[in-house]
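Here is a walk through the charged pairs of one protein. Please keep the coordinates open as you read.

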Amino acid sequence: FLSHTLQAKMSRPVQARRLEGIDKNIWVEFVKLAATYSKVNLGQGFPDFPAPDFLTEAFTRALGGGNHMLHQYTRAFGHPPLVKVLAQFFEKLLGRELDPMTNVMVTVGAYQALFCCFQALVDEGDEVIIIEPFFDCYEPMVKMAGGTPVFVPLRPNPPKDGKLMSSADWQLDPAELASKFSERTKAIVLNSPNNPLGKVFSRGELGLIAELCVKHDVLCFSDEVYEWLVYDGRQHIRIASLQGMWDRTVIIGSAGKTFSATGWKVGWVVGPDRLLQHLRTVHQNSVYHCATIAQEAVAQGFQRELTLYGKPESYFVQLPKELQQKRDWLIQSLDSVGMKPIIPEGTYFLVADISQFKSDVPDVPNSDEPYDYRFAKWMVKNKGLAAIPLSAFYSEAHKNNYTNFIRFCFAKEEATLKAANDILQKWKQEKTS
């Protein structure tokens, strides 16, 4: 009798079809490897330095203050103080009036904001253009919504003078991009500044994308979580501010990246009500809302930044200055040992060319695992330094063209970067001795 019930229980497929082929996740594998082996983790994109005092103080005030209602539900689509200040802030940035109740929605991090975009606006059979390399969740999220991802790569164009390459040297081919748009195209995902490359798209590049979106009546999901983290005096341009784009763009932002508090999981979307009303439907039927206290603290953080906007003491001015210094230290470390860094114009990340290290990593016969995966695993196990293989940010079809690079995160304490440098220098000595 017992074996009969077991049989009956197990014969029916339990997995929903929409999960087929998207169960593997690089972060699960590499976070586990880093936790097991790494002395220095430059893999995952989170700062190991504290969030700013004004933010943690706001959280403590919210927690211990007299307003016990901050422990209860707030408005599902965003805590009123937070959507109000976000609307004021983005009015400044976009040069247009925003209604906090209809043009802004708060989400559980930018990750849920993306999920809402794909679930609310992509249908069975719709095509979604993704620019490679891309943050890895875009592809499974498109597929889960029943859509088809269409990939277009940024192509590296190395400088002739032997200088280090910059993320600006990775560019779209205008004809190739145009060829990906068809009557089936529903949306394009834009990520500027781009994770993993650190590329900040120029006005010309954004203009090209905008023109194609308008021409083909296509939506733009603009992932701008690193909007404040741009270096060398560059400027982050918001595609929604270009002609014809406000009406078809959902802007995605993150308090985690903005205020160095990735564990708070507060994100948002900004856009026209005709798009956001559908995102609200997905949101109310999935997570309902995110932590009231975290939203309250983030609202106070933005309130402070609104009064200091553009001033030297603004966190949004100070943080990129600090991170640019950290970036430059890591560039120097990597360059000195023969890993050729690609200088990022923005974000937490830096991609480095590891072709000169082929002899270090033993070949695995009959392995179809790309070299960068093998290298990253070997490096964390044998050197204690964690990084992420770049081919993880490419589609299956294009993975094998980009297996000579790995991604490092430099949003780390000075001591962490120094420890990474010590590992690299020791490795260099071992190679030369």
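A salt bridge here is a side-chain nitrogen of Lys or Arg within 4 Å of a carboxyl oxygen of Asp or Glu. The model is predicted. Side chains of opposite charge can pair when their charged atoms come close.

Start with Lys383 and Glu430. Their closest N and O atoms are 2.7 Å apart, so the pair falls within the 4 Å limit and forms a salt bridge. Lys383 lies in helix 13, while Glu430 sits in helix 14, residues 414-432. The two are 47 residues apart in sequence, so the bridge ties together separate parts of the chain. Lys383 is buried, at 15% relative accessible area. Glu430 is partly exposed, at 40%.

Helix 13 also holds Arg374. The side chain of Arg374 meets that of Asp363 in a salt bridge, with an N to O distance of 3.6 Å. Asp363 belongs to the loop between strand 12 (349-353) and helix 13 (371-383). The partners are 11 residues apart. Asp363 has 66% relative accessibility, so it counts as exposed. Arg374 has 14%, so it counts as buried, the cut-off being under 20%.

Now move to Arg327 and Asp328. Their side chains form a salt bridge at 2.9 Å, N to O. Arg327 is buried, with 3% relative accessibility. Asp328 is partly exposed, at 33%.

What about the whole model? How many salt bridges does the count come to? The count is 23. Some bridges share partners: Glu29, Glu369 and Lys377 are joined into one network this way.

Technical notes
Residues numbered from 1 in each chain as written. Predicted model: local features only at pLDDT ≥ 70, side-chain atom pairs only at ≥ 80, totals over all residues. Heavy atoms only, no water. Buried < 20%, exposed > 50% of the residue type's maximum accessible area, 1.4 Å probe, protein only. Helix = DSSP H or I, 4+ residues; strand = E, 2+ residues; numbered from the N terminus.
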